[in-house]
Every structure is written in structure tokens, then in C-alpha cells.
Amino acid sequence: MSHYEVKPGPEAFLPPAAASMGNVLPDPGEAHIGGKIVPEEEAYEKAARMILGAKVPTIFPGPLVLWKWTDHVAEKAKAIRELAIEAPMRIIPMADYRPKYPKIEAAVEINPNHPNLTIWHNKIDVCIFIGVHCHMANLSLKIIRGGTSCYTIAMCAMSGHEDACLSFRDADLTMIEKLKGTIKKLKSEGVESQAIPFTQFKMSRSGPIVPA
Amino acid sequence: MNKQVELKNKRIIASKHVKLGQKNKMNQTYTDINDIFYNSEQTPNFLTGSEVIREAIKRASVGTSVAYPITPQSEAAALIGEIYAEGYLDEYFRGESEFAVMGQCAGASFGGHRVFTTTAGPGTLRAMENFPMWAGSRLPIQVCVTCRGINSPLSIQPDTLEMHYLLETGMLVWHAETAQDLYDFILKGFIVAEQPDVHVPIAVCCDGFFVTHTKDTVDLSPLDKCLTPYDPYRNPQPVMDMETAPIRMMRDPFVMKSNYISYATHASWQQEIKAAVERSRKHTIPLLDGLIDEENIDREILIVGSGTAVSQSREAIRLLEEEGIKVGLVKIKTIRPFPYEEIRQATKNAKHIFVPEFNVAGWLAREIKANIPDNERVYVGPHVAGGMTMPSEVIVEEIKKHLGMEVASRGTLG
């Protein structure tokens with residue numbers, strides 16, 4: 001059985017889709033690390049260590065968790081913010097999927113059509129995709145793997161993503177809290193966050209709010 | 001492959017649909033696909049292929065069907081109209097042409113309906129531009145293609161050339177051998193195509209007339225059980241509005257920009273569609289009991305085929321057996337995803353591989369040749385085309401000729 005390892009890039013001018021290399025998505029209760037199917041429990045530990053070991057760990061929340069279209073989503077969004085505070089991690093939203101021209105504001109937004117720009121600009125070395133529609137996440141994850149060295153984690157509410165370096169599936173509120181709990185546990189055991197100190201920006205309708 | 005997809009003791013993941021167990025307006029109960037096929041009594045019925053399409057759609061919780069007449073699918077399209085009148089579908093109408101039909105199907109699917117249509121031959125070709133559009137927009141529409149000739153001079157007779165054109169559209173392409181396959185593939189096809197990690201259109205193909213216009217005994221699932229309806233919230237794309245993709249793309253398309261990023265995005269998008277087709281294996285293997293069927297694959301001579309060429313091959317194998325020539329059989333059920341690994345394994349011991357086809361191009365033989373080692377083992381044929389039948393005796397004759405055996409004379413004029 002051949003095994004295509006999904007590693008951080010830069011991999012190739014046009015890296016293949018991992019599914020086309022034979023990688024199969026995890027079943028319920030499973031996750032994948034680098035394309036290898038593992039029990040979900042193992043993935044929490046690995047994800048938490050990657051986040052704590054990163055200099056610029058960042059969460060990319062997508063429209064499915066940015067807009068309150070159900071009460072469940074509001075709870076999820078709150079848990080994501082708590083996860084970001086616990087780690088700590090930056091939050092850079094993927095508010096929608098429209099291509100941004102002439103250019104995006106790479107410091108404060110990410111777009112699935114050119115996600116590498118945001119990752120390069122902010123020197124993001126570990127990221128989490130959450131609440132991004134699966135098609136758009138896959139579109140993005142391949143481009144990131146192709147041109148950046150960022151380690152990608154997907155907390156997918158559906159079936160997971162082969163194109164991420166690590167992917168959970170069926171990610172709900174409990175799973176987000178569990179990842180936060182694993183980070184907390186590792187920190188209590190002496191694992192220190194390597195994140196460069198930062199201040200999370202705030203946005204208004206007209207752009208980032210610059211503190212006076 | 002990082003994980004073997006097992007056949008035994010495993011079914012497609014059971015539905016958690018909110019409407020599971022509820023009744024629809026026809027008093028049918030929304031039922032998990034596993035229960036419909038594996039935990040319900042199947043009743044034999046003697047039906048034409050067209051009637052089988054009607055029976056499948058009665059149980060498929062289809063929202064919209066759009067019809068346009070073209071032989072040999074016209075009868076099926078008309079029968080769906082009858083069950084619309086009975087109340088089984090929400091919307092049914094006739095489009096202006098096959099091109100229009102497929103565009104109207106896209107609209108209904110963007111809007112969140114489960115959509116079914118049928119076409120054939122020149123209709124498939126006329127509609128062609130829409131198929132990669134469906135796939136690129138991740139619309140899990142099902143089209144039943146009742147294959148017939150596509151070229152001039154006009155032929156309405158069975159010919160599978162049109163399937164060749166569908167192979168790289170980004171759709172799932174399944175090929176039914178019998179009316180039973182057709183029934184099973186239509187119902188199971190919706191479920192596989194609508195999985196969130198797949199979510200691409202599906203062409204369920206059958207050979208026109210041979211399957212659509214002949215009667216066969218088909219086991220039908222109970223009429224009081226139907227598929228759970230399509231759930232648009234499991235769409236891997238946002239639902240349609242005028243400000244988000246894919247519709248917004250039409251107004252501000254990245255493809256209109258000439259720079260590396262635009263091209264890279266488009267390439268990644270195309271890869272994702274192909275990846276979605278590959279992901280369907282995991283769901284298809286347990287539901288169809290594998291992407292191929294195998295019979296006696298340890299033999300040195302194998303026939304590998306799809307559609308009714310398989311039925312003709314079964315009889316050819318029986319005739320050859322009477323002469324002491326032992327031949328194995330591989331039936332391919334899904335052309336996309338193509339069962340690369342399965343075919344490699346099934347043919348590993350074969351010295352001669354014959355690929356009978358109802359088309360002039362030999363596209364299935366080409367696919368097989370491109371994917372197995374020592375492909376000089378593949379004999380591209382026998383072929384018939386333009387509506388010819390493929391008598392089992394012809395398959396027997398070509399196998400014997402190729403192996404250097406004596407063949408009975410066809411007779412001469414003098």
C-alpha cells in the first residue's frame with residue numbers, strides 16, 4: 001500500500017490533491033496526521049504540540065463560524081476565541097470567498113484563492129482552518145502546501161481534509177474544547193508556547209481599527 | 001492508499017438526516033439507504049428499463065426533474081412526468097433543448113433541490129458544456145444517460161461512444177449492465193454523489209434499447225420507503241446568492257485575471273473536482289459491493305467489460321466453456337472513478353485480456369491499457385458500433401482467432 005505523506009511545503013509548483021494520490025479520509029472517531037489515519041485522541045496531542053511550538057500560530061475562521069446562522073455556531077465561535085486565547089493564537093478571518101482585487105490586506109484577512117499571501121506576509125507557521133466550506137478549504141490547503149512551509153490543521157465539521165497536514169472530522173463544540181483542554185494540559189506539564197507576542201487586531205466595516 | 005477501504009461488514013455511513021423516519025406527502029417514510037437495500041424485502045417485478053427508472057425515481061425523493069425528448073430516454077422522461085402528476089416530485093417541466101435542460105437542472109440544484117434528468121446520444125453532446133459546469137459548481141445532479149449513436153448519419157441505436165466524452169467532465173460515471181443495476185445505481189448514486197466530501201454530479205449510464213426497452217426481472221425495494229431528501233447544508237460550497245461564490249464568480253471571476261494566482265487557483269479547483277471523484281470510492285465500494293465484479297479471474301484468458309457487453313460476454317464464456325476453453329470475467333461498474341487498482345489486481349495472472357465494446361473508439365480498452373503492466377496483453381475488441389448487436393458468437397470467434405485457434409467458416413457466396 002503506497003502512502004503519500006502530506007507535509008508542509010513548499011512542495012511543488014502545482015502539488016497534487018492528496019485524494020488523487022490514494023489518501024482516504026478518516027472514518028468517525030479517526031483523524032489523519034500527514035495522511036496517516038490515527039485515532040482522534042492522537043491527533044489532539046499532535047495538533048496541540050504543533051500549535052505550542054509555533055512562532056505565529058493562527059486560526060482562520062470561515063463564514064460558517066463567523067456568522068450566527070444557528071445558536072450552535074455562536075457557541076462554537078466563542079469556543080474558538082477561547083482556544084485562541086488559551087494557546088495563544090492569532091485570528092485572521094476568511095470572511096468570504098470572493099477573490100480580492102487589486103490586492104488583499106494580508107495582515108488582517110485571508111482569501112482561499114490566494115491564501116499564501118497572508119501566510120507569507122504574517123510568517124504564519126501553523127494554522128487551523130475552521131468553519132470554511134470544504135471545497136474552499138481544499139482549494140486553499142493545496143495552494144498553501146504548494147508555496148509555503150505552513151503546517152495546516154483542519155477542524156472540519158464534515159468529513160475532513162486530506163490536503164491538510166492534520167485533519168479532524170465531525171468537529172463540533174466538544175472537539176474544539178477538547179483541543180483547548182489538550183493545550184492547557186501540555187502547558188501545565190511544562191510545554192511553553194513559542195508564539196511571538198502579538199496584539200489581536202480588531203475590525204470594523206471600514207477595515208482594521210488602529211488603537212489611538 | 002493510506003487506508004484499505006473494506007468491503008465486508010461495512011456499509012456507507014448511515015444517514016443522520018433530520019427527516020429520517022418522517023413521512024412525506026406520498027406517505028413514504030424517509031429511510032436510510034442501508035435499510036432500503038439491506039434491511040427491507042425486495043420484490044421481483046417484470047419491467048422495462050424505462051419503467052425501472054420511474055420506479056427508482058418514485059423512491060428517490062427527487063425535487064426537480066427537467067425533460068426533453070430524445071430516443072431512447074423519452075419514455076423514461078414521460079413516465080417521470082406521470083409520477084409528477086401523482087405527486088412524487090415537486091417540479092417537472094420540459095426544457096427548450098438539452099442545453100437548456102441542463103442549465104435548468106443547475107438552477108434547481110443551486111437552489112437546494114435533488115435533481116434528476118435523462119438524456120441520450122446527440123442530447124448528451126448538445127448538453128456537454130453544462131457537465132463540467134455542474135462539476136465545477138459541485139452540483140450533485142444525476143443524469144441518466146441511455147447511450148445511443150451520436151454521429152451523422154443519424155442512428156438512434158445503442159452505442160456507448162458518448163460515455164467517452166463524459167470521462168473528464170468531473171462527473172461520476174457509472175455503467176449499468178442490467179435493469180437491476182440501473183435501479184440500484186440510480187438510488188445509490190444520489191447518496192454517493194451527495195456526500196459532502198464528494199458532492200459532484202453523476203451520470204448513470206446504460207445501453208439504450210438493450211436496457212431501456214427490454215423487460216427484465218428487477219427486485220424493487222418497498223414503495224413506502226424512500227431516500228432521505230437532499231440536505232443542502234452539507235454542500236461543500238455556500239448556497240447560492242448573488243454575493244457569494246459560485247454565482248459571484250460570474251461577476252468577478254478570478255479566471256478573468258491574467259496572473260499566476262488566478263491560474264493556480266483554477267488549477268487547484270480542477271484538482272479538487274478530480275479529488276472529489278476519487279473520494280467517492282470510499283462510499284461506492286460498500287454500496288455497490290466493489291467497483292468491479294470478478295468471475296474466475298485466475299484464468300489465463302479474461303474478458304473485461306462494462307454495460308451490456310458484459311451480458312454478451314457471459315454467454316460467450318459459456319459457449320467457449322463447451323469447447324473446453326476457460327475464460328474469466330471482470331465487470332466494471334464505475335468508469336469514474338476508474339477502478340485502477342482493482343483492474344491491476346484482477347488481471348495480474350491473465351495472459352490475454354479481451355475488451356468487447358459497443359463503440360468504434362475502444363475507449364474502455366484504452367483506459368485499461370493505460371493502467372496495467374504488460375499492456376500488450378490487451379486485445380482491443382471485439383467492437384461493434386452504430387447500433388450493431390454483439391452476438392456472443394462474435395466474441396467467441398475473435399477470441400479464438402486471436403489465440404490462433406480454428407474458427408468455423410461464416411460461409412461464402414460462391
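In the predicted model, B:His175 stands opposite B:Cys205 in β8 of chain B. Helices (H or I, at least four residues) and strands (E, at least two) are DSSP runs, numbered from the N terminus. Strand β7 (residues 172–175) of chain B directs B:Leu172 and B:Trp174 one way and B:Val173 and B:His175 the other way, and all are buried. A residue counts as buried if 20 or more other C-beta atoms, placed from the backbone, lie within 10 Å of its own, as exposed if 12 or fewer do, and as partly exposed in between. In a regular strand the side chains alternate between the two faces of the sheet.

β7(B) runs parallel to strand β8 (residues 202–207) of chain B, to which four bridges join it; strands are taken to pair if DSSP finds at least two bridges between them. Between β7(B) and β8(B) the chain passes through helix α8 (residues 179–193) of chain B, in a β-α-β crossover that is right-handed. That term applies if, with the strands pointing away from the viewer, the path from the first strand over the helix to the second runs clockwise. Strand β14 (residues 334–336) of chain B is antiparallel to β7(B) and is joined to β7(B) by two bridges. There, B:Thr334 in β14(B) is the bridge partner of B:Trp174.

The domain assignment, which is automatic or from a database, divides chain B into domain 1 (29–234) and domain 2 (292–402). The contact between them involves 21 residues of domain 1 of chain B and 20 residues of domain 2 of chain B, two residues being in contact if their C-beta atoms, placed from the backbone, lie within 7 Å. On the domain 1 side, α7 (161–166), β7 and β8 of chain B are the elements that give two or more residues. The largest share of that side, four residues, comes from β7(B). By class, the domain 1 side has 11 nonpolar, seven polar and three charged residues. Ala, Val, Leu, Ile, Met, Phe, Trp, Tyr, Cys and Pro count as nonpolar, Asp, Glu, Lys and Arg as charged, and the others, Gly among them, as polar.

Between the chains, 31 residues of chain B are in contact with 32 residues of chain A. Helix α10 (residues 260–288) of chain B supplies the largest share of the chain B side, 13 residues. That side consists of 12 nonpolar, seven polar and 12 charged residues.

Chain A contains an open sheet of seven strands in the order β2-β1-β7-β6-β5-β3-β4, with mixed pairing. Because β2 (36–39) and β4 (90–91) of chain A each have a single partner strand, they stand at the edges, and one side of each is left without a neighbour in the sheet. Strand β1 (residues 30–33) of chain A and β2(A) run antiparallel and are joined by four bridges; A:Val38 in β2(A) is the bridge partner of A:Ala31.

Elsewhere in chain A, A:Gly147 lies in helix α5 (residues 134–147). A:Gly147 is classed as buried because 22 other C-beta atoms lie within 10 Å. Apart from neighbours within four places in sequence, A:Gly147 is in contact with A:Gly9, A:Pro10 and A:Asn116. A:Gly147 and A:Pro10 are 137 residues apart in sequence, but 4.5 Å apart in space, C-alpha to C-alpha.

The model scores ipTM 0.95 and pTM 0.95. For chain B the mean pLDDT (the predictor's confidence in each residue, from 0 to 100) is 92, and 92% of its residues reach 70 or more. Local features of this predicted model need pLDDT of at least 70 and side-chain atom pairs count only at pLDDT 80 or more, while totals for chains, interfaces and linings use all residues. Residues are numbered from 1 along each chain as its sequence is written, and chains are lettered from A and ligands numbered from 1 in the order in which they are written.
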